Amino acid sequence: MTPRVLEPRESGRHAAGAAPVPLVWYAAYGSNMHPERLGHYLAGGRPPGGRRDHPGCRDPRPPARSVPVVLRGRLYFATESALWTGGRAFYDADADGELPAYAYLLTLSQFSDIAAQEMYRDPSGDLDLTPALTRGRARLGPGRYETLVCPGRLDGHPVLTFTAPWHSADVPPNPPAPAYLRHIAAGIIAAHGWTRQRTAEYLAACPGVAAGWSVQEIVALLGLAQ
């Protein structure tokens, strides 16, 4: 599968005070890369291997479209997940490198509700995306997924994701739990058509993974030999 190339963010179409954005691309780079996993955020429920239920979105419909994309930056794992145990996946947009992601075309309310659930909150209202769209980044709060990043546009709609306010070098690495790593690996394979070997090599090179996982162990986690 050939990933889509993002258009530049600086289009001038969404300056401060512009009309609300009805549709956005949510660029998932963690376990939400897998459509089944994202479905638990949209419709509610508990993902396999998870430790808590999601309330779901006010609008539980599936994404209008989904396409593979590549983001500039680095995937890394740090802190401790209350849902999975082990390290969480974060996106360092300022680091060198590229990371595979899967972009879902969602309504503003769906994106806002997914962001709320990432912070273990119930969906309650729509986010103001103006700061992120005009500056490329906006810190909405102190939480680990309360920093919005807009790396570009796609087919006329802004691409957005959320991450922590810090950089990968600022926090101690922490290896991810098996179920979490399996979801992320399965999402990469489904979205980008990578082999298990290539996926394992990519993940093993991400900060936080090498301390707990080898390439061979990740391949074995996916259920097939090299």
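**Surface, core and aromatic pairs of the chain**

The accessible surface of the chain comes to about 9800 Å². Carbon and sulfur atoms hold 53% of this surface. Areas were computed by the Shrake-Rupley method with a 1.4 Å probe, and for residues only the protein chains shown count as cover. The model is predicted: local features need pLDDT of at least 70, side-chain atom pairs count only at pLDDT 80 or more, and totals for chains, interfaces and linings use all residues. Residues are numbered from 1 along each chain as its sequence is written, and side-chain values use heavy atoms, without hydrogens and water.

The chain has six helices and eight strands. Both are DSSP runs numbered from the N terminus (helices: H or I, at least four residues; strands: E, at least two). Their order along the sequence is β-α-β-β-β-β-α-α-β-β-β-α-α-α. The radius of gyration, taken over C-alpha atoms, is 17 Å. The globule rule (2.2 Å times the number of residues to the power 0.38) gives 17 Å for 226 residues, so the chain is as compact as a globular protein of that length. The C-alpha trace spans about 50 × 35 × 35 Å along its principal axes.

Of the 226 residues, 54% count as buried. Buried means under 20% relative accessible area, exposed over 50%, and partly exposed in between (1.4 Å probe, protein chains only). Nonpolar side chains tend to be buried together in soluble globular proteins. Here the largest nonpolar core holds 72 residues. Such a core is a set of buried Ala, Val, Leu, Ile, Met, Phe, Trp, Tyr and Cys residues joined through side-chain atoms within 4.5 Å. Tyr26, Leu75, Ile114 and Leu203 touch the most other members. Helix α4 (residues 178-192) gives the most to this core, with eight residues.

The whole structure contains 13 aromatic pairs. Rings of Phe, Tyr and Trp (its six-membered ring) pair if their centres lie within 6.5 Å; planes under 30 degrees apart count as stacked, over 60 as edge-to-face and the rest as tilted. Tyr26 and Phe162 form a stacked pair, 5.2 Å centre to centre with 25° between the planes. Tyr26 lies in strand β1 (residues 23-28) and Phe162 in strand β8 (residues 157-163), so the pair ties together parts that are 136 residues apart in sequence. Both residues are buried. The rings of Phe90 and Tyr145 have centres 5.1 Å apart and planes at 35°, so this pair is tilted. Phe90 is buried at 0% relative accessibility, and Tyr145 is buried at 9%.
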